[in-house]
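This report describes one protein chain, part by part. It goes through the salt bridges, the sheet and the helices in turn.

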Amino acid sequence: MTANSETVTRARRIVVMFATLLLFWLMLMGRVTADVLIVGVIVSLAIALLFPSGLSFFTEFRATPDAFVAGIRYYGLFFKELVKSNLKLAAIVLSPSLPIKPGIVKVRTRLKSRMGRLMLANSISLTPGTLTVEMDGEWLYVHWVSVGSTDVEGATAEIVAGFERYLEVIYG
């Protein structure tokens with residue numbers, strides 16, 4: 001990659017981040033007045049310039065037909081797992097014996113992209129009963145309310161594999 005193309009790529013990232021932050025700010029405020037717009041532009045520009053390599057949803061996104069299909073399937077899987085986890089956790093909470101077996105398990109991800117790993121960690125944390133407590137390279141440490149498997153392969157298959165299958169297509 002040449003110096004000129006790196007500069008263009010960096011500038012593009014800054015512009016995309018600025019536009020995303022400003023749009024988000026305007027949606028949060030619910031109105032477009034001079035003072036809201038000025039504050040939004042200043043803060044969005046400052047953040048975009050201070051964090052030029054920041055992660056947005058589209059950072060490292062592969063814009064291919066397969067990635068769009070995988071994205072739809074990923075969100076379908078996420079919502080299915082969300083409902084299942086909520087029901088399972090509700091059953092645990094409502095059970096008089098409170099059948100929990102909490103622990104932290106180590107799982108491995110095959111994902112190489114930063115955004116893919118971030119999406120995976122967030123998906124795990126947003127699913128009731130699990131919480132990603134640390135990311136270290138290919139390893140994620142997950143607090144699990146009801147540990148099903150303590151070995152790396154078993155825990156990875158139960159927690160990570162479903163999400164990872166689609167995130168690999170979306171982010172690599």
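A salt bridge here is a side-chain nitrogen of Lys or Arg within 4 Å of a carboxyl oxygen of Asp or Glu. The model is predicted.

**Salt bridges**

The structure holds 4 salt bridges. Side chains of opposite charge can pair when their charged atoms come close.

| Pair | Distance |
|---|---|
| Glu-81 and Lys-84 | 3.4 Å |
| Glu-138 and Arg-108 | 3.6 Å |
| Glu-164 and Arg-110 | 3.5 Å |

Glu-164 and Arg-110 link distant parts of the chain, 54 residues apart. Glu-164 belongs to helix α6 (residues 161–171), while Arg-110 sits in the loop between β1 and α4. How accessible is Glu-164, in relative terms? Its relative accessibility is 2%, so Glu-164 counts as buried. Arg-110 counts as partly exposed because its relative accessibility is 47%. Both residues also belong to a network of salt bridges that includes Glu-168.

The salt bridge between Glu-138 and Arg-108 connects the loop between β2 and β3 with strand β1 (residues 103–108), and so ties together parts that are 30 residues apart in sequence. Glu-138 is partly exposed, at 33% relative accessibility, and Arg-108 is partly exposed as well, at 37%.

Glu-81 and Lys-84 are placed otherwise: both lie in helix α3 (residues 65–94), 3 residues apart, which is about one turn of the helix. Lys-84 is partly exposed, with a relative accessible area of 46%.

**The sheet**

How many strands form the sheet, and in what order? There are 3 strands in an open sheet, ordered β1-β3-β2, and their pairing is antiparallel. β1 and β2 stand at the edges with a single partner strand each, so one side of each has no neighbour in the sheet. From one strand to the next, the twist averages 25 degrees.

Strands of a sheet pair through backbone hydrogen bonds, either parallel or antiparallel. Strand β2 (residues 130–136) pairs with strand β3 (residues 139–144) over 6 bridges, in the antiparallel sense. In this pairing Glu-134 is opposite Tyr-141 of β3, and Thr-132 is opposite Val-142 of β3. The two strands make a hairpin with 2 residues between them. In the turn, Gly-137 has a positive phi of about 65 degrees.

**The helices**

Helix α1 (residues 3–29) has 27 residues and reaches 39 Å from its first C-alpha to its last, close to the 39 Å expected at 1.5 Å a residue. Which residues of α1 are buried? They are Ile-14, Met-17, Leu-22 and Leu-26, and the buried residues of α1 pack against α2 (34–50). Just after α1 comes Gly-30, with a positive phi of about 75 degrees.

Helices α3 and α4 pack with their axes 10 Å apart, at an angle of about 25 degrees. Angles under 35 degrees count as roughly parallel, and α3 and α4 are therefore roughly parallel to each other. On the α3 side the contact is made by Tyr-74, Tyr-75, Phe-78 and Leu-82. On the α4 side it is made by Met-119, Ser-123 and Leu-126.

Notes:
Residues are numbered from 1 along each chain as its sequence is written. This is a predicted model: local features need pLDDT of at least 70, side-chain atom pairs count only at pLDDT 80 or more; totals for chains, interfaces and linings use all residues. Side-chain values use heavy atoms; hydrogens and water are left out. Two strands pair if DSSP finds at least two bridges between them. Helices (H or I, at least four residues) and strands (E, at least two) are DSSP runs, numbered from the N terminus. The expected span of a helix is 1.5 Å times one less than its number of residues. Buried means under 20% relative accessible area, exposed over 50%, partly exposed in between (1.4 Å probe, protein chains only). Contact means heavy atoms within 4.5 Å. Axes are lines fitted to C-alpha atoms, for helices over the stretch in contact, and angles run from 0 to 180 degrees between N-to-C directions. Angles under 35 degrees count as roughly parallel, over 145 as roughly antiparallel, 65 to 115 as roughly perpendicular and the rest as oblique.
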